[in-house]
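I opened a new model today and kept notes as I went. Here is what I looked up, entry by entry.

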Amino acid sequence: MVKKPSPFRKSFSPIRRLLRRNLSGRHYRHPTTATAKTTTSSPPAENLQGQTVIVDVEAWLLRSRLSTFAYFMLVAVEAGGFLRGLLLLLAYPFMCLLSGDMRLRAMVMVAFFGLREKEVARVGKAVLPKLFLEEMAMEGFDTVKDARRVVAVCTLFPRVMAEGFLKEYLGVDTVVGKEVMAVAGRYVGFIVDEALTLQMDGAPVGVEMKEMMNKGKHEEAFGLVGTGGRMNHLFSYYCKETYAVSEADKTAWQPLPRDKYPNPLVFHDGRLAFTPTFPAAIAMYTYLPFGIVLAIFRSLAYSLLPYCVSIPLGALTGMRSRVIAGPPIDATEKSKAGGRLYVCNHRTLLDPITVAACLNKPVTAVTYSVSPVSELIAPIRTARLTRDRDEDRRRMAALLARGDLVVCPEGTTCREPYLLRFSPLFTELTAEVTPVALETNVDMFYGTSTKPASKVLDPLYFMMNPRPDYRVEFLDPVRTATSTNSQEGHNKSHTIEAANRVQRVLGEALAFELTEQTRKDKYMMLAGNEGVVEGKVKK
């Protein structure tokens, strides 16, 4: 599905207001002469092709009714910090004593109060989509994917939490959900009740909608709801046909495979690498103090001790580094003609350190934009580039003449099994490069972030994982075949082809999908900036 033109939003504004009013818990009486047909079965896909569909998100698009706690815990931790998450965790047992609607309002208050609107919107767009996609039902998605227009109704989640997922990854046209009150750009924590606003025109909105449909101003739609849901009466009244699905029917539904995502999940943000259900959140906060001490110990060991000592110590604490294929025979020997150029895919800031540890020799890593603190504590030499092509090429050539050099031409990290577009600058430095395929696995925290204030903690978060894992594979050297023309200038098409060739070699070794995405694409999507960290250039 693709995004539709804005006139559709205007045509649906009355029904959006009516849906929001029903979501707030107040209902108007409707005539009992409705002629809509309700069926407790899944509609044939061809019935909805090219039609307008109004779908209950929790009933049809999500495979199971996963406790809303996990979603609100992500908002609390990623937008408010770990202390707010702890407050939600401690308060949740008492919230469970409340009715469903009151419990939801209490979680909204704890998770949202005082947070900036922009920060919650960022979490809804950059963090929550991964969890929503993992819970999405293949059968539900197949039902609506060919619809011409889709209105998504969230009966549980505030609109700001689900809108990014529904619009960016499913391409729905309109999202209707609970609204959270905000003042001066910060959330107050109360769910807005729009019932009084709807009566300002002097007539119930139900009558207004009926008149519009009778006059042909609104096309008839198909409704997809859950059996026994509070929205059934509304869907059955205003939709031509309504299809209801029960929880028993959904027990056989399957998760949507990654290769069938309507838009691939290449980028996502956030620190938590697991679904923070209530038991999982308890485990995380119980482990957190020990994890902080463990991260400090591991960081000091890798910074101060030789690799022959730090690697065994790391293994004793749960860190695993698996070398699938060792470096070339001459890689550990000093070369009078200069160093070897290692080209890696980029998973974390520890990539060059891991390569150096596997080589058991010092290397230099070049970076475009990392925090000065990360450069300071790095156990290997780092050199900052300037984003000026000629100057960067001169600096990298000088570093390569003095020893081995590690570059990550993607320019930024990627957590998912994708390779971003490679910058071709490295192909101009030497006639041969050694690709290094890197893969990481974490079980609790991601060691990457797009928030400038927390990037300095990226290595510590990786070290905080109970059992972080690095898989390293040194591949056969690849010819770049462009350095011979250094005096005449490099042919741009040749350098791009050489960079693409190295990218393909790494992609085949890792079984990763190749993309044309760049660092700028990532940061503009997740953080709304280009990801440049200011700092002094290291000489």
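Predicted model: local features only at pLDDT ≥ 70, side-chain atom pairs only at ≥ 80, totals over all residues.

**Entry 1: the whole chain**

I started by counting elements: the protein chain has 23 helices and 18 strands. Of the 539 residues, 53% count as buried. Then I looked at contacts between residues at least 6 apart in sequence, and 77% of those join residues at least 24 apart.

How many residues of helix 9 are buried? I found seven of its eight, so I wrote down that helix 9, residues 128–135, is mostly covered. The buried ones are Leu128, Pro129, Lys130, Leu131, Phe132, Leu133 and Glu135. I noticed Lys130 and Glu135 in that list, and both count as charged.

Next I checked what lies over them. The cover includes helix 4 (57–61), helix 5 (68–80), helix 8, strand 3 and helix 11.

**Entry 2: helix 8 against helix 11**

A reminder to myself: two packed helices are described by the angle between their axes and the distance between the axes. Here the axes of helix 8 and helix 11 (residues 159–168) come within 7 Å and cross at roughly 40°. That angle makes helix 8 oblique to helix 11. Their crossing is right-handed.

From helix 8, the residues that meet the partner are Val120, Ala121, Gly124 and Lys125. On the helix 11 side I listed Val160, Met161, Gly164, Phe165 and Glu168. Sorted by type, the residues of this contact give five nonpolar, two polar and two charged.

**Entry 3: helix 6 against helix 16**

I looked up another pair the same way. Helix 6 (residues 82–95) and helix 16 (residues 278–304) pack at an angle of about 130°, and their axes are 11 Å apart. Helix 6 is therefore oblique to helix 16. This time the crossing is left-handed.

Helix 6 brings Phe82, Gly85, Leu86, Leu89, Tyr92 and Pro93 to the contact. Helix 16 brings Phe278, Ala281, Ile282, Met284, Tyr285 and Leu288. I sorted the residues of this contact too: eleven are nonpolar, one is polar and none is charged.

**Entry 4: one face of helix 23**

Which residues of helix 23 are buried? In this helix, residues 519–526, I found Arg519, Lys522, Tyr523 and Leu526. Looking down the axis, I saw that these buried residues fall within an arc of 90°, so they line one face of the helix.

Helix 8 (117–126) is part of what covers the buried residues of helix 23. After helix 23 comes Gly528, with a positive phi near 75°.

**Entry 5: two alanines with positive phi**

Most residues other than glycine have a negative phi. Ala184 has a positive phi of about 55° although it is not a glycine. I found Ala184 in the loop between strand 5 (180–183) and strand 6 (186–191).

Ala511 isn't a glycine either, and its phi is positive, about 60°. Ala511 sits in the loop between helix 22 and strand 18 (513–514).

Are they buried or exposed? Ala184 counts as exposed, at 81% relative accessibility. Ala511 is exposed as well, at 67%.

Val505 is in helix 22 (residues 492–510). Its relative accessible area is 26%, so Val505 is partly exposed. Leaving aside neighbours within four places in sequence, I found Val505 in contact with Pro435, Leu475 and Val478. I also checked Ala437: this residue is 68 residues from Val505 along the chain, and their C-alpha atoms are separated by 9.0 Å.

Last one for today: Asp146, in the loop between helix 10 (138–144) and strand 3 (149–158). Asp146 counts as partly exposed, at 38% relative accessibility. Setting neighbours within four places aside again, Asp146 is in contact with Leu48, Gln49 and Gly50.

Notes. Residues numbered from 1 in each chain as written. Heavy atoms only, no water. Buried < 20%, exposed > 50% of the residue type's maximum accessible area, 1.4 Å probe, protein only. Helix = DSSP H or I, 4+ residues; strand = E, 2+ residues; numbered from the N terminus. Arc of directions from axis to C-beta. Contact = heavy atoms within 4.5 Å. Axes fitted to C-alpha atoms, helices over the stretch in contact; angles between N-to-C directions. Parallel < 35°, antiparallel > 145°, perpendicular 65-115°, else oblique. Left-handed = near helix turned anticlockwise from the far one by under 90°.
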